[in-house]
Amino acid sequence: MNTDVTTSPTLRNGPSPDEPVLWEGKGLDYERFAMDKLFRRLVSEYSISSVLELPAKGEKAMPSLYSLPFAAAGCRVTLANPVKRSLWAWHRLNLPFHQVNCPDISATGLSDASHDLVWNFMTLAQSRHKEALIREMVRLSRRHVMIIAVNRFNPGFFVHRLVHRFSGVPWTHGDVPFMNPFHTARFLREQGLTVRTVGVVDTPPYPDSLGFRDMKLHKMNIDLNAANWDSRTLDWMERGTYPLKLHLLYLAERLPLPLIIKMFYAHLFYVLAEKPV
């Protein structure tokens, strides 16, 4: 396994000024802020000190950044198959990490029970070998496994599906049943896990992406994996301050409403499960 972390000036300073930069959509600003809050709560509540993101990818966003909040909270973070073009962000924030290259994320060859939490974002829905992936995540975890995915009950999700259908662009975001938190929780139980919590995150008072930006990217034929991404979140993390509007949106997210109500405006859901003792 390759665990070398390149620290070249390019990776430290960000994309080359001579290359076009693709900025994250503004909806990602709040998504990353809300996930930061969630991850810090989970670290405290479940005494998490080591985290493996398997794999460390992105979904229409700058890849390999989702675990930044875990590192900022003091966890030892390992990124499986990170996108090298994004690693400059970790160095810029002076957050340590390890990286491993795993050709098969269902058979990584990493040590058993080597991390307190093993998790991923939007990977289960896109995996062709879901049972094998969960078995590997369970093997690598000391205790917790977490799945985060897009919530199909948000009105924006229905519009996004329709936009794909009427534009003739195939749906590329994975198996829709695994964008249902209750289906995903049931699947994890079937794999022998105990579900500790089903929750939502990124719940601002506006619908999720309607898919029009998605269509634009499709029509531009941009290879998102090769793009030079940048994220406003990095500036805010570096300064330690976020815009007031994000804090105000988060007040709405933390309203003590029943989960079944939040489910209709949440952009993302998470299922946190525990492996058998």
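1. Before anything else, a definition: a residue counts as buried at under 20% relative accessible area, exposed at over 50%, and partly exposed in between, using a 1.4 Å probe and protein chains only. Keep in mind that this is a predicted model, where local features need pLDDT of at least 70, side-chain atom pairs count only at pLDDT 80 or more, and totals for chains, interfaces and linings use all residues. Residues are numbered from 1 along each chain as its sequence is written, and side-chain values use heavy atoms, with hydrogens and water left out.

2. Arg165 and Phe166 are exposed, on the face of H6 turned away from its buried side. The buried residues are Gly156, Phe157, His160, Val163 and His164. Seen down the helix axis, these fall within an arc of 120 degrees, so they line one face of H6; the arc is that of the directions from the helix axis to the C-beta atoms. The general rule behind such patterns: an α-helix has 3.6 residues a turn, so residues three or four places apart point the same way.

3. What happens at the ends of H6? Asparagine 154 caps the N-terminal end, with a side-chain oxygen 2.8 Å from the backbone nitrogen of glycine 156. After the helix comes glycine 168, whose phi is positive, near 80 degrees.

4. Next, the sheet. It is open and has 7 strands in the order S4-S3-S2-S5-S6-S9-S7, with mixed pairing (two strands pair if DSSP finds at least two bridges between them). Strand S4 (98-100) and strand S7 (194-201) are the edge strands, each pairing on one side only. Inside the sheet, S6 (residues 141-150) and S9 run antiparallel and are joined by 7 bridges.

5. Finally, which strand holds phenylalanine 269? This residue is found in strand S9, residues 268-274. Phenylalanine 269 is buried, with a relative accessible area of 0%. Phenylalanine 269 and isoleucine 148 are 121 residues apart in sequence, yet 5.7 Å apart in space, C-alpha to C-alpha. Leaving aside neighbours within four places in sequence, the contacts of phenylalanine 269 include Ile148, Phe178, Pro181 and Val200 (contact means heavy atoms within 4.5 Å).

How values were computed
Helices (H or I, at least four residues) and strands (E, at least two) are DSSP runs, numbered from the N terminus. A polar contact is a pair of N or O atoms within 3.5 Å; within protein, one must be able to donate a hydrogen and the other to accept it, and residues adjacent in sequence count only if both atoms are side-chain atoms.
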